[in-house]
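Here are a few notes to read with the structure open beside you.

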Amino acid sequence: MFKIKTYNQISVKGLERFGRDKYEVGSDIGHPDAVLLRSHKLHNETLPESVQAVARAGAGVNNVPVDDYSKRGIVVFNTPGANANAVKELVLAGLLLGSRGIKDGIDHVRTLHDVEDAAELHKMLEAQKKQFAGNELMGKTLGIVGLGAIGSLVADMALALGMEVIGYDPALSIEAAWRLSSDVQRAENLPSLLSHSDYVSLHVPAIEATHHLINDDALSQAKEGLTLVNFARESIVDPKAIVNALKSGKMKGYICDFPEPDFFGRDDVIAMPHIGASTAEAEENCAMMAANQIMDFLEHGNVKNSVNFPAVSMARCEGQRIIFSNENVPKVLGSVLSVLADYNVNVLDMMNKSRGDLAYNILDVERMQNGEVIKAIAEIEQVISVRLID
Ligand code: 3PG
């Protein structure tokens, strides 16, 4: 029986993937083999020794201490793209909220609940509606920072709305580049993107390199009247810089999924409670993808969509499977193979891939009689984790 510990509200469709004959799943499981979560922060938790994998049902892994887990040989998965459409649709709402008097108009209508005469109400509103006039998105320029799964969908949507689209992504993968419409213009750097954009939407992860990417200095280069949309992460913007830019008129509005105390009382900030991916569809997609990835890893050792391990997948042979991770240094694989030779174990198939400081290996071997083999592999100094899959 594999044990899966869950945090947060995980879609039932995802949890149902774990067959009851093989899995025990719940929020109060002791000694779990894997953890499945959304935004719950793991930084201050002691993860049990038994955990071999952590799957984030979602995109951002800033709530997971990935480097610490890599040192323990724990595979960290995420579900890239699974909630991209949900976020894209809320970005559209954000752009519209930033360009039209939608929120102020609705708020105003709500203040008129005492007016009982319909004709009077309509007359009043017709006279007042000029306060809530806005602008159209068509013909305006949207700058997109980060062109991964979400950024590229936002780009397509903006092009369909008749906007000009400029993109900037210093870490653009080849796969993402293929996905991107050729109508997206390339900005050489962030200042260039900011200086040409009426609207900017952020789609980069929360990592050290993106911490306060949008700060006083960056905003000083922005086009006058910028509306910034942030459905990525709070740490990417410096809230003080946002308030400064709004006060000076450099920025017209800030629409985000991350309220901050600095923003309360400001009509030019619309902040939502981190609901970018909160749709039934996205929650299902993420949970199902995360569950599938955990099962494929626990049952077969295959790794797909990990943020710290290389992607490795190998069809099963008859016999048993040994999986192990190790420090990415010479001679480790050789040492493991010589242990197998010492115990007279025949290797049927194998795969070895590395990523940064880590290497990961799958070895299919003929059924072993000796239970000491896995222990002997674990004793090799640079081997981080090893497991036998029957
Ligand atoms: C993500 O990183 O995928 C989104 O921020 C969604 O987070 P959530 O799963 O907590 O809604």
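1. A residue is called buried when its relative accessible area is under 20%, exposed when over 50%, and partly exposed in between. Lys13, with a relative accessible area of 43%, is therefore partly exposed. Please keep in mind that this is a predicted model.

2. Lys13 has a partner: its side chain forms a salt bridge with Glu284, at 3.7 Å from N to O. The two come from distant parts of the chain, with Lys13 in helix 1 (residues 12-15) and Glu284 in helix 11 (residues 280-300), 271 residues apart. Glu284 is partly exposed too, at 26%. The whole structure has 13 salt bridges.

3. Another salt bridge joins Asp198 and Lys223 at 2.9 Å, N to O. Asp198 sits in the loop between helix 8 and strand 9, and Lys223 in the loop between helix 9 and strand 10, so the pair ties together parts 25 residues apart in sequence. Is Asp198 buried or exposed? Its relative accessible area is 18%, so Asp198 is buried, while Lys223 is partly exposed at 32%.

4. Lastly, Leu96, Ile102 and Ile106 make up a nonpolar surface patch with about 210 Å² of accessible area together. Leu96 belongs to helix 3 (residues 84-99).

Conventions:
Residues numbered from 1 in each chain as written. Predicted model: local features only at pLDDT ≥ 70, side-chain atom pairs only at ≥ 80, totals over all residues. Heavy atoms only, no water. Patch = residues over 30% accessible without salt bridge, like charges linked within 9 Å, V, L, I, M, F, W, Y side chains within 5 Å. Areas by Shrake-Rupley, 256 points an atom, 1.4 Å probe, with all protein chains shown as cover. Salt bridge = Lys/Arg side-chain N within 4 Å of Asp/Glu carboxyl O. Helix = DSSP H or I, 4+ residues; strand = E, 2+ residues; numbered from the N terminus. Buried < 20%, exposed > 50% of the residue type's maximum accessible area, 1.4 Å probe, protein only.
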